[in-house]
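Subject: Structure handover

Hi,

Here is the structure I said I would pass on. Have a look below, and my notes follow.

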Amino acid sequence: MAAPKKAAASTPQDKTNGGSPPEFTREQELKALRDMLLIRRFEEKAGQLYGMGAIGGFCHLYIGQEAVVVGMQMALKLGDQVITGYRDHGHMLATGMEAKGVMAELTGRRGGYSKGKGGSMHMFSKEKHFYGGHGIVGAQVSLGTGLAFANHYRGNDNVSVTYFGDGAANQGQVYESFNMAELWKLPVIYVIENNRYAMGTSVSRASAQQDFSKRGASFNIPGKQVDGMDVRAVKAAGDEAAAWCRAGKGPYILEMQTYRYRGHSMSDPAKYRTREEVEKVRHDQDPIEQVRNRLLAAKVSEQDLKAIDAEVRDIVNASADFAQHDPEPDAAELWTDIYR
Amino acid sequence: MPIQVLMPALSPTMEKGNLAKWLKKEGETIKSGDVIAEIETDKATMEVEATDEGTLGRILIPEGTADVAVNTPIATILADGETAADLAKAPAPAKQEKAAESAPPAAAKAEAPQPKAAPSAPQTVTEPDPEVPEGTEMVTQTIREALRDAMAEEMRRDADVFVMGEEVAEYQGAYKVTQGLLQEFGAKRVIDTPITEHGFAGIGVGAAMTGLKPVVEFMTFNFAMQAIDQIINSAAKTLYMSGGQMGCSIVFRGPNGAAARVAAQHSQDYSSWYSNVPGLKVVAPFSAADYKGLLKAAIRDPNPVIFLENEVLYGHTGAVPKLDDFVIPIGKARIVRSGSHVTIISWSNGMTYALKAADELAKDGIEAEVIDLRTLRPMDTETIVNSVKKTGRAVTVEEGWAQSGVGAEIAARIMENAFDYLDAPVARVSGKDVPMPYAANLEKLALPSAAEVVEAAKAVCYR
């Protein structure tokens, strides 16, 4: 019953400049901790609800990758757009969408962000400039480039942060989009979340060029590999990329080296990697523990950290409660929102 | 014997062109490969190269002549040793009857083609368009010009409207539909894309999600198969998936269906594909006025609209109302000819066969009511059903394939809504169930014909 032996995969690390990323202020550390914890506890709860049958269909959890969206969000300003694929709950919470509305969408209730008609993979918030939530691998890359096109057309200095995974990075439309983004100098940050597995296929089995920061090289798009487990490194890279885009220099690629602890979706037994591999990343590189340890080292009291834990748990529990008691959409909703 | 230079066919659908300019004078020496003239087709200005050597003996068609039919002799070249006296010996033109169609020289050298003698709207249209107020002044325009004007008017009206696609700007449109838009609106709003349908369709949808109103031109809808995921999964479904929060106002337009002699990969009719999808509106007009009024409506529509054009029709002219703001509502069919014996339902170029057939049928005493559907989704079931209740018989005409086609859908709706009124089963005339062949005779067989429509109409009338 032993799992097949896996080649030792290299662990994510910052290859940007060798040194440690710039320190966060205490406020930044606390905010990062709180936001990452919210995502983790939310996802754990979503996993539970899925197990209870309250959530159906596909459900892709973000656990392990929290530093990517939280760090990137810290580099953004009002009006910047965010778009991603189907592993999207973390992105939504990071943009400030309410846990309640997200969880109720997962359970298919009327109080969900899409009135229960979108589900896990299809949620949007105009107010928070979150453009989904897309179920077709790679489609969000062209769409996100279109968001950047709109910024360029309108002459504002907002950027589009377009997330996709190491699997989507092999789709053709990604490169069509790279070409036009650089050609037209569109303000888009392509954040490639390299969590090392496209469903069950490791990067080495699917990608001829495994350094994703180089995927824009033939279009002259600059790229950087970033330790996606260190929220400070993510924010620093995000700042740099955003400044590049806002200065009108065109797109920028950030390869976030990260890891998902859970399976691809809830139905994935994850036989393609060893338990030890997962445990090692969790133990050595967990993005939340990194921040917690730094805060403790900086003499923030356990008490203060527990207060954050409690606040986050309250939010998540309230969202789960709401999501299980909110009514299902009215039958008449079947026929609405097809045209406007 | 002097050599005749004939008006060349410079595109698959070209039937005539304007002789814009002679670059050689009578008496000048010509070498093979010399550019001797410039021809304006309805798509582009092309250079004519000499394939023979000698002296330009006589120019038969002066520059500035519009609508010179393909294969008309335009000049004669004298071989070495021949003189002007030999000109009379030139062979007769290959197609005399075509040459006779040539129009007299235009007064001024037209920048854009104005084919006065181009095929115009069939005489068989008998019913006035209820969307056009009585007494409205009409201008004669090609469908190509009507489309261009529709886009230009909407771009003047709304700064959020822009046009993107392959060759839409500097080239002036692969089929010249976007002619002049770059000059008026600049490169920011008339955007040449690389050849990347999937990518630029997605970029258009993304831009539309923020509230911009892109008009995305596909050089033909055949190439939109590369982009169909973005059209359906992103454009058509997002409004629903977002619970009404986020939709997109976007038009995907371009020629659809068979052009002429471009074979299977460039000749497919996508009417039924797109009309299958909730969230999309699908428009496929026939007349120049409808092309204009419906494209304006499509650009204003807050939903994604598939606007299916037809390359064969681009050069056709029709009367377009001279109104400041002529918009035809999406979703309304039009009865273009009234009759009491049989209802013929079609759209886009299918109307060509339908109207011809109606003329033929009238000679046999069968009065066909012809409905131009104009919009395929939402489909104007009411107009169809009311007509069938009157006639008791129906024939659908489409260039696309029959299986799961629009004709099948129309037949089902008639059955569902007017079964008791039917005196015969609904008949379908469609493209044959084969990929489009290249050979001219086979291509003709693959497409529907007026004769097939006549036959089907007679069959449902038990004649």
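Let me begin with A:Leu37, which touches A:Ile288, A:Ile308, A:Asp309 and A:Val312, leaving aside residues up to four places away in sequence. Keep in mind throughout that this is a predicted model. A:Leu37 sits in helix 1 of chain A, and it counts as buried because it has 23 C-beta neighbours inside 10 Å.

Now the nonpolar cores. The largest has 200 residues, and the members touching the most others are A:Ile189, B:Ile344, B:Val395, B:Val453 and B:Ala457. Helix 1 of chain A (residues 26-51) is the biggest giver here, with nine residues. In chain B, domain 2 (138-321) and domain 3 (334-460) both contribute, so this core lies between them.

On to where the chains meet. Chain B puts 34 residues into the contact and chain A puts in 31. On the chain B side, helix 4, helix 5 and helix 6 (238-241) each supply at least two of the residues that touch chain A. Helix 4 of chain B has the largest share of that side, at ten residues.

Across the two chains, helix 5 of chain A (residues 139-154) packs on helix 5 of chain B at about 80°, with the axes 11 Å apart. That pair is therefore roughly perpendicular. A:Ala139, A:Ser142 and A:Leu143 make the contact from one helix, and B:Asp229, B:Gln230, B:Asn233 and B:Ser234 from the other.

Within chain B, helix 4 (residues 197-209) and helix 5 (residues 228-236) pack at about 15°, their axes 9 Å apart, which makes them roughly parallel. Helix 4 of chain B passes helix 5 of chain B in a right-handed crossing. The residues that meet there are B:His198, B:Ala201, B:Gly202 and B:Val205 from helix 4, and B:Gln230, B:Ile231, B:Ser234 and B:Ala235 from helix 5.

Cheers

How values were computed:
Residues numbered from 1 in each chain as written. Chains lettered and ligands numbered in written order. Predicted model: local features only at pLDDT ≥ 70, side-chain atom pairs only at ≥ 80, totals over all residues. Core = buried A, V, L, I, M, F, W, Y, C linked by C-beta atoms within 7 Å. Buried ≥ 20, exposed ≤ 12 C-beta atoms within 10 Å, placed from the backbone. Helix = DSSP H or I, 4+ residues; strand = E, 2+ residues; numbered from the N terminus. Domains from an automatic or database assignment. Axes fitted to C-alpha atoms, helices over the stretch in contact; angles between N-to-C directions. Parallel < 35°, antiparallel > 145°, perpendicular 65-115°, else oblique. Left-handed = near helix turned anticlockwise from the far one by under 90°. Contact = placed C-beta atoms within 7 Å.
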